[in-house]
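Here is a short report on one protein chain. Take a look at the sequence and the model first.

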Amino acid sequence: MPHPSDGLEGRLQKFLQGAEDTIHLVVAVLLLILGGILLVGVVNDLVDALKGPYHEATVVLSTLDNGLVLFIVAELLHTVRLTIRNRTLDAEPFLVVGLIAGVRKVLIVTAEAEQSFRWNPQGMELVILVGLIFVMALAILVLRHATRPRDFTVLKVPGH
């Protein structure tokens, strides 16, 4: 009896897997390049800001914003690495990236709103962002509980 990987279907599966791996590697290389560019940019911006007259809030906000974008790129690279290694796409890393992006946006909106807060655009945006962050955190918790129930066992206290 011929093995399923010997026929046309097997060769097609191998070709598609190779193409998929190649795409993942290209994405990983692009994320590495982007991360390097971002890292150099963040350091240069920080050094330039510290040399001249600067406003502390502007420097902190800019560095925090760019640093969190760099963190998002690093998490995406981690996700690509896991996808290549496990040959499966996990939802949890994308939820973590979304959580980081949501927190980043909340920090930016609140920092910008510090000078002149208006409920209509900024307040509504904050409410929506906090709701999204809550939903993503809950989704991560549910996903972890569903895939790793042993991490959520209740500790038994002796005598109770």
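## Basis

This is a predicted model: local features need pLDDT of at least 70, side-chain atom pairs count only at pLDDT 80 or more, and totals for chains, interfaces and linings use all residues. Residues are numbered from 1 along each chain as its sequence is written, and side-chain values use heavy atoms, without hydrogens and water.

## The whole chain

The protein chain has four helices and zero strands. Helices (H or I, at least four residues) and strands (E, at least two) are DSSP runs, numbered from the N terminus.

Of the 160 residues, 22% are buried. Buried means under 20% relative accessible area, with a 1.4 Å probe and protein chains only. Contact means heavy atoms within 4.5 Å. Among contacts with a separation of 6 or more, 64% join residues 24 or more positions apart.

## Helix α2

Helix α2 covers residues 56-86, 31 residues in total. At 1.5 Å a residue it should span 45 Å, and its end C-alpha atoms are 44 Å apart, which agrees. The expected span is 1.5 Å times one less than the number of residues.

Its buried residues include Val 59, Leu 68, Ile 72 and Leu 82. The buried residues of α2 pack against α1 (8-51) and α3 (92-113). Arg 87 follows α2, with a positive phi near 55 degrees.

## Thr 83

Thr 83 lies in helix α2. It counts as buried because its relative accessibility is 8%. Its side chain reaches the backbone oxygen of Thr 79 at 2.8 Å.

Leaving out residues up to four places away in sequence, Thr 83 touches His 24, Thr 88 and Leu 89.

How values were computed:
Buried < 20%, exposed > 50% of the residue type's maximum accessible area, 1.4 Å probe, protein only. Polar contact = N/O pair within 3.5 Å; in protein donor to acceptor, adjacent residues only side chain to side chain.
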